[in-house]
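The sequence and the structure come first.

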Amino acid sequence: MRYFNNLVLGLFLSVLLLSSCAGEPEPVEVETGPEFVFLVHGGAGVFNPDNLPDGREEEYLDAVNKALDIGRDILAGGGTALDAVEKAIVFLEDNPIFNAGKGAVFTADGTNELDASIMDGISLNAGAVGGVKTVKNPITAARKVMEVSPHVLLVGSGAEQFSASQGYEIVDPGYFYTAERFDVLQRVQQREAGEQRTIQDKTGTVGAVARDKHGNLAAGTSTGGMTNKRFGRIGDSPIIGAGTYADNSGVAVSCTGHGEYFIRHAIAYDLNALYKYREISLDSAASFLIHKKLPNAGGTGGLIAVDTSGNYSMPFNTNGMIRGVVTSEHRESAVYRE
Ligand code: ASP
């Protein structure tokens with residue numbers, strides 16, 4: 001979409017450094033990209049202005065901008081990409097208008113089962129939790145899985161026990177209930193009576209990617225999954241390489257959309273591989289996946305991604321994707337196509 005070399009005129013400065021050994025001036029190219037870049041999404045989906053509750057678009061944008069502020073303050077202060085990603089996602093998980101943490105969609109059984117993952121581009125360390133029902137902030141539990149356990153993905157009651165053992169806030173499953181999401185389940189179940197299907201009806205999965213002042217990348221994603229899901233279904237969000245990936249020699253990416261397609265096509269890792277091995281621009285690689293590969297397979301959704309130079313991309317093939325970006329030089333947020 002946008003590259004810092006399109007945003008900033010004169011982005012390469014030629015400076016002369018004097019070599020103390022040879023005494024000869026040597027021209028050195030110094031890149032002048034943004035000091036930091038931070039992106040968030042609040043889900044891609046089929047919503048349109050007619051079926052959003054009054055004022056909801058403004059609420060989405062307000063929340064996105066507050067999440068951007070959280071990331072910006074951390075990054076501008078020299079904080080890490082990982083902290084920016086985690087803290088912004090915690091904020092979005094606590095906001096019931098998103099399908100993550102409080103406000104998560106309902107399973108066919110009328111419960112909420114949450115998935116989240118986080119990845120550190122420096123070390124390729126990653127952590128994830130799947131199908132948790134009592135962990136207030138799954139992204140924080142995912143980070144703890146990454147940092148203090150030898151594992152990458154913990155699911156169900158084991159993930160809940162691990163979170164409790166780390167002193168994380170455990171809540172009654174009723175904490176995640178919202179009348180709005182429960183109504184969606186009931187509508188979907190009436191519509192689909194006799195033909196149980198998972199529906200990407202009301203989206204709102206959240207994610208963040210960051211490139212900090214030290215040049216490090218991180219990515220995270222958190223979701224309640226898809227309305228009416230059954231049998232312990234887990235989507236792409238907690239699957240490293242499908243919904244989330246971060247690699248300092250490639251990109252940081254967080255996906256949203258119909259998870260089964262993102263898993264089958266390993267979209268997050270495929271973006272990293274295309275960018276890294278084919279040496280094409282981040283935007284070309286992201287557009288190919290979201291506008292060609294995924295729709296050709298029948299998949300809908302979008303992603304946010306950033307590379308170490310500060311290039312970023314936010315493509316989606318749905319009606320809208322709640323999204324925003326802030327850099328040391330620029331800020332924008334939107335729900336629909338511009
Ligand atoms: N990708 C999520 C899932 O399939 C849902 C979403 O992003 O809307 O669980």
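## Helix packing and sheets

In this predicted model, the contact between α8 and α9 brings Ile 267, Asp 270, Leu 271, Leu 274 and Tyr 275 of α8 together with Leu 282, Ala 285, Ala 286, Phe 288, Leu 289 and Leu 294 of α9. Sorted by class, the residues of this contact comprise 10 nonpolar, no polar and one charged. The two helices pack at an angle of about 135°, and their axes are 9 Å apart; α8 and α9 are therefore oblique to each other. The crossing in which α8 passes α9 is right-handed.

Between β9 and strand β10 (residues 251–257) the antiparallel pairing extends over three bridges, and Ala 246 stands opposite Ala 252 in β10.

| Helix pair | Angle between axes | Distance between axes |
|---|---|---|
| α8 and α9 | about 135° | 9 Å |
| α3 and α4 | roughly 145° | within 8 Å |
| α2 and α3 | roughly 155° | within 9 Å |

For helix α2 (residues 56–76) and α3, the axes cross at roughly 155°, which makes α2 roughly antiparallel to α3. The crossing of α2 and α3 is right-handed. In this contact, Ala 63, Lys 66, Ala 67, Ile 70, Gly 71, Ile 74 and Leu 75 of α2 meet Asp 83, Ala 84, Lys 87, Ala 88, Phe 91 and Leu 92 of α3; by class, the residues divide into nine nonpolar, one polar and three charged.

Helix α3 (residues 81–93) also packs with helix α4 (residues 138–148), and their axes cross at roughly 145°. On the α3 side the contact is made by Glu 86, Ile 89, Val 90 and Glu 93, and on the α4 side by Pro 138, Ile 139, Thr 140 and Arg 143. The residues of the contact of α3 with α4 are four nonpolar, one polar and three charged.

The other sheet described here is open as well, with eight strands in the order β6-β5-β4-β8-β7-β3-β13-β14 and mixed pairing. Its edge strands are β6 (153–155) and β14 (331–336), each of which pairs on one side only, and the twist from one strand to the next averages 5°. Within this sheet, strand β4 (residues 114–120) and strand β8 (residues 217–223) pair in the antiparallel sense over six bridges, and the bridge partner of Ser 117 in β8 is Thr 221. Helix α2 packs on the sheet and touches β3 (37–45), β7 (206–211), β13 (320–327) and β14, with its direction making about 155° with that of β3. Helix α3 packs on the sheet too, touching β3, β4, β7 and β8, and its direction makes about 160° with that of β7.

Finally, which residues are closest to the ligand? Of the 15 residues that surround the ligand, the closest are Thr 205, Gly 225, Gly 235, Thr 256 and Gly 259. By class, the shell around the ligand has one nonpolar, 13 polar and one charged residues.

Definitions and conventions: Residues are numbered from 1 along each chain as its sequence is written. This is a predicted model: local features need pLDDT of at least 70, side-chain atom pairs count only at pLDDT 80 or more; totals for chains, interfaces and linings use all residues. Two strands pair if DSSP finds at least two bridges between them. Helices (H or I, at least four residues) and strands (E, at least two) are DSSP runs, numbered from the N terminus. A residue is near a molecule or strand if its C-beta atom, placed from the backbone, lies within 6 Å of it. Ala, Val, Leu, Ile, Met, Phe, Trp, Tyr, Cys and Pro count as nonpolar, Asp, Glu, Lys and Arg as charged, and the others, Gly among them, as polar. Axes are lines fitted to C-alpha atoms, for helices over the stretch in contact, and angles run from 0 to 180 degrees between N-to-C directions. Angles under 35 degrees count as roughly parallel, over 145 as roughly antiparallel, 65 to 115 as roughly perpendicular and the rest as oblique. A crossing is left-handed if the near helix is turned anticlockwise from the far one by less than a right angle, and right-handed if clockwise. Two residues are in contact if their C-beta atoms, placed from the backbone, lie within 7 Å.
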